[in-house]
Amino acid sequence: MNEQPYRLGMIGLGTVGSGVLELLHRRESTLVRRLGRAIEVKKIAVRDTSRSRPYLSGFGEISDLLTDNPDEILEDPEIDLLVEVAGGVDEPRKWILKALENGKDVVTANKAVLAVHGKDIFQTALSQNQRVFYEASVAAAIPIIEMLQNGLIANGITSLSAILNGTCNFILTQMEEEGLDYETALKLAQEKGFAEADPTLDVSGGDAAHKLALLAGIITGSHVPIECIYSEGIQEITSSDFTFARDLGYAIKMVGTLKQHGTGAWEMRVHPTLVPENDLLAQARDEYNAVSLVGDAVGRMSVMGKGAGSLPTASSIVADVLRASRGEREGGNPHGLNVPELVPVGDVELPHYIRLEVKDNPGVLGRITSFFGMHNISIRSINQPEAQMGHTVPVIIITHTCKDKILTDGLEELKKAGLVEQGFTHIRIQE
Ligand code: HSE
């Protein structure tokens, strides 16, 4: 057995950081057996060292490990590995680059910093001969990065659709099943420790877009700037949309999609989506994430697991700590620097769900269907629940497959034409 422990310094001790300490303690004997030496947490940098912390089993004297100066980790030659679980973008970028430059490997759960500054970070890792591991940054508990980098290496991945934000999935599930309103469901997700420090990133689709960019980088072997990912949030969805979607045989989920066209170009998008009830993605409830992909050797396969929360995220971090400590290379620079060719979202062809609120007056429905016809949008089904004359009533339209730009331009015109009372909800349908 190697006498020297493998030493790590951690920046951040919130929901995820405490989970890491708990699992390192809980799995200590197995980790020592697997690695042949102990894993030691040498320092933990936090913003406020005086804040009282819950008792952490195995780390009774935790105050001895705390510092408010990250440089005590980044400049300590005895520390082999930086574990960054603080969140944010600018400061983590500086810490990660400094750690790499000072000869340390890095494990991070921070998808935002990698999606925004990945080019810099992975290039620095490569030039310093160091590695960056980031399993926990995408789909928390699901080892999707390990699968894509190793287990599925023999495959060209041609499409992937995934639920990648636990907070959105929790909110949508609570709205659908418990009838909670959006704000109450979001608050509950925050209390459970699922949401980012700024939950706008979750509900706007930004967090899922960061994660999709990281998966896209591995799958396409390219650098995928975050701007390549088209994203929309869940804020416009109302409880009535769940009822109408269910009647039509669909669940509403926040889905990230990567799909390669025959030309080699890629669709990359994150938005609320109507998913057929029998699809695996529709079965993912609450904070669960799910990934379905198609590989040219394995065909279709799917995985599901918790996508947020303390221990599910820490589980992937501890796995990365072990990979780093064993000297595995894969975390180095998985991406080339080329940017893949993209299919603009306007060219994507899908069916669409549209809910309009209209006055229940003679001729309104006729004018709406004519409007769609004039704009070359073909209607697959239309439903107007019974209403009282003169009052507003929802009209639910499902279109045939239609180019995104034709549909969105048509809806803008419809708004201008004054045919709808209050806006509309538009959700793309997964085929
Ligand atoms: N806020 C993220 C989510 C946490 O809800 O999925 C895990 O990345």
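Residues are numbered from 1 along each chain as its sequence is written, and side-chain values use heavy atoms, with hydrogens and water left out. In this predicted model, local features need pLDDT of at least 70 and side-chain atom pairs count only at pLDDT 80 or more, while totals for chains, interfaces and linings use all residues.

**Overall dimensions**

The protein contains 15 helices and 18 strands; helices (H or I, at least four residues) and strands (E, at least two) are DSSP runs, numbered from the N terminus. Its C-alpha trace spans about 85 × 50 × 35 Å along the principal axes.

Of the 431 residues, 54% count as buried, where buried means under 20% relative accessible area, exposed over 50%, and partly exposed in between (1.4 Å probe, protein chains only). The protein exposes about 18300 Å², and carbon and sulfur atoms supply 47% of it. Accessible areas come from the Shrake-Rupley method with a 1.4 Å probe; for residues, only the protein chains shown count as cover. Among contacts (heavy atoms within 4.5 Å) with a separation of 6 or more, 73% come from residues 24 or more positions apart.

There are 40 positive and 58 negative charges, and their mean positions are 3 Å apart. Lys and Arg count as positive and Asp and Glu as negative, without His and the chain ends; each charge is placed at NZ of Lys, CZ of Arg, CG of Asp or CD of Glu.

**The parallel sheet around E4**

An open sheet is formed by 6 strands in the order E3-E2-E1-E4-E5-E6, with parallel pairing. Strand E3 (66-67) and strand E6 (132-133) stand at the edges with a single partner strand each, so one side of each is left without a neighbour in the sheet. Two strands pair if DSSP finds at least two bridges between them.

In strand E4 (residues 81-84), Leu81 and Val83 point one way and Leu82 and Glu84 the other way, and all are buried. In a regular strand the side chains alternate between the two faces of the sheet.

**Strand E18**

Strand E18 (residues 424-429) is mostly covered, with 5 of its 6 residues buried. Leu274 has Ile429 in E18 as its bridge partner, and Ile354 stands opposite His426 of E18.

| Strand pair | Direction | Bridges |
|---|---|---|
| E1 (residues 6-11) and E4 | parallel | 4 bridges |
| E4 and E5 (residues 105-108) | parallel | 4 bridges |
| E10 (residues 266-276) and E18 | parallel | 2 bridges |
| E14 (residues 352-359) and E18 | antiparallel | 5 bridges |

**Ala115 in helix H5**

Helix H5 (residues 111-128) includes Ala115. Ala115 counts as buried because its relative accessible area is 4%. Leaving aside neighbours within four places in sequence, Ala115 is in contact with His210, Leu214 and Ile226. Ala115 and Lys211 are 96 residues apart in sequence, and their C-alpha atoms are 7.4 Å apart in space.
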